[in-house]
Amino acid sequence: MSDAVLETRGLSKAFGALKATDEVSLDLRPGEIHALIGPNGAGKSTLIAQVSGALRPDRGSVRLEGRDVTARSVEARARAGLARTFQISALAMEDSVFENAALGALGASGRPWRFLRPVARDAALRDRAMAALERVGLQDAADTPVSALSHGQRRQLEVAVALTLQPRAFVMDEPMAGLGADGSRRMTGFLDGLRDEAPILLVEHDMDAVFALADRVSVLVSGRVIATGTVAEIRRDPAVQAAYLGD
Ligand code: ADP
Ligand code: MG
C-alpha cells in the first residue's frame, strides 16, 4: 500500500477534442511540498479542480489517506481534510478577517453557513479561527474588513482559511500570484514551515519559489506528466528542458 496522503490515478478530463489532463497519476507524501509546474494551458488548474472536487474527471480516481473520494463534493473533501486555496480570491470582501476565518472553521465543523453568527460565540471555533490568523500574522487585523487588506494580506488570509480546516493535505493554485518580491518571500517562508503540518500540492509559476520549496516537482505538458523528481533531477531532465524550462 502507498503511504501517500493524497494520490491521483489516471485522472483524465477532455474538453471536446482537447485533453486537458491525460492519465495524471501523482502522489503527495507526508511532509512534502510537491510542486506542479508546466506552461500555460498545460492543465494544472484542471488537475487541481479534479483533485479538490470542483470538476468531475472523465476517468481516474483521487484518494485521500487511502479513501477513494472521487465521487465526493468539494465540501465533503474539505471535511475529510483536503484544504484548497484558490487562484482567484474567494473571500467575502465586506466581512471581517475574523469572520472569514470563522467561516472556514465552520465549514470544517460541517454545520451550515447560516450558523456564522453563533460561531463567533462558539469558543472552540473562535479559537481555531484566531489560531489560524495568528499563524499567518493577521491577528491584529481580525476586525478589519477584507476589502481594506492589501493583496498580500488577502493571500495570507486565504491560507488562514485553509488552515482552519486543520487539513491533512493542502492544494494550492498559485499562492504567489500578484505578490511582489517581498510578499513572495514572506509566503515562501510561510509555506516552508507549513509542510510539517500537512503536505502541499503546489501549482506555482514563480520558479524561484518552486526551486526553494519543492521536495519534488512534477512537470505537466499538454495534460501529461512528463517527469517527476527532485529539483535537481527536473532541472537536468532533457525532456523537461526541451518541453519547458528551455523556452
Ligand atoms: P493551466 O492551469 O496549466 O494554465 P488549465 O487547466 O487552465 O491550464 O487549462 C488546460 C487546457 O484546458 C487549456 O487549453 C484550456 O483552454 C482548457 N480548458 C480549461 N478549462 C476549460 C473549460 N471549462 N472548457 C473548455 N476548455 C477548458
Ligand atoms: Mg492555471
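Predicted model: local features only at pLDDT ≥ 70, side-chain atom pairs only at ≥ 80, totals over all residues.
In the hairpin formed by strand 9 and strand 10, two residues lie between the strands, and serine 222 adopts a positive phi near 50°. Strand 9 (residues 216-221) and strand 10 (residues 224-229) are antiparallel and are paired over five bridges. Within this pair, valine 219 faces alanine 227 of strand 10.

Four bridges connect strand 3 with strand 9, and here the two strands run parallel. In this pairing isoleucine 37 is opposite valine 219 of strand 9.

Histidine 34 has leucine 201 as its bridge partner in strand 8. As to burial, five of the five residues of strand 3 are buried. In a regular strand, side chains alternate between the two faces of the sheet. In strand 3, Ile33, Ala35 and Ile37 belong to one side, His34 and Leu36 to the other, and all of them are buried, which leaves both faces covered.

What touches valine 210, apart from residues up to four places away in sequence? The contacts are Ala35, Ile37, Glu204 and Val217. Two of these residues, Ala35 and Ile37, are on one side of strand 3, together with Ile33. The C-alpha atom of isoleucine 33 is 9.1 Å from that of valine 210, although 177 residues separate the two along the chain. Valine 210 itself is in helix 8 (residues 207-213). Is valine 210 buried or exposed? Valine 210 has 21 other C-beta atoms within 10 Å, and a residue counts as buried at 20 or more, so valine 210 is buried.

Another part of the chain forms an open sheet of four strands, with the order 2-1-4-5 and antiparallel pairing. Strand 2 and strand 5 (67-68) are its edge strands, each pairing on one side only. Strand 5 is held by two bridges to strand 4 (residues 59-64), and these two strands are antiparallel. Across this pair, arginine 63 is opposite aspartate 68 of strand 5.

The next site to look at is ligand 1. Its surroundings consist of Phe15, Leu18, Ala20, Gly38, Asn40, Gly41, Ala42, Gly43, Lys44, Ser45 and Thr46. Strand 2 (18-28) and helix 1 (44-52) are the elements that give two or more residues to this shell. Helix 1 supplies the largest share, three residues. Sorted by class, the shell around ligand 1 contains four nonpolar, six polar and one charged residues.

At the level of the whole chain, there are two domains: domain 1 (1-81 + 167-247) and domain 2 (93-166). Their centres, taken over C-alpha atoms, are 25 Å apart. Each domain contributes 11 residues to the contact between them. On the domain 1 side, helix 2 (74-79) and helix 7 (181-194) are the elements that give two or more residues. Helix 7 gives the most to this side, with three residues. The side of domain 1 that touches domain 2 comprises seven nonpolar, three polar and one charged residues.

The buried residues in helix 6 include Arg155, Gln156, Leu157, Glu158, Val159, Ala160, Val161, Ala162 and Leu163. Residues three or four places apart in an α-helix point the same way, because there are 3.6 residues a turn.

Some totals complete the picture. The chain contains 10 helices and 10 strands. Of its 247 residues, 42% count as buried. Among contacts between residues at least 6 apart in sequence, 65% join residues at least 24 apart.

Key: Residues numbered from 1 in each chain as written. Chains lettered and ligands numbered in written order. Domains from an automatic or database assignment. Contact = placed C-beta atoms within 7 Å. Nonpolar A, V, L, I, M, F, W, Y, C, P; charged D, E, K, R; others polar. Buried ≥ 20, exposed ≤ 12 C-beta atoms within 10 Å, placed from the backbone. Near = placed C-beta within 6 Å. Pairing = 2+ DSSP bridges.
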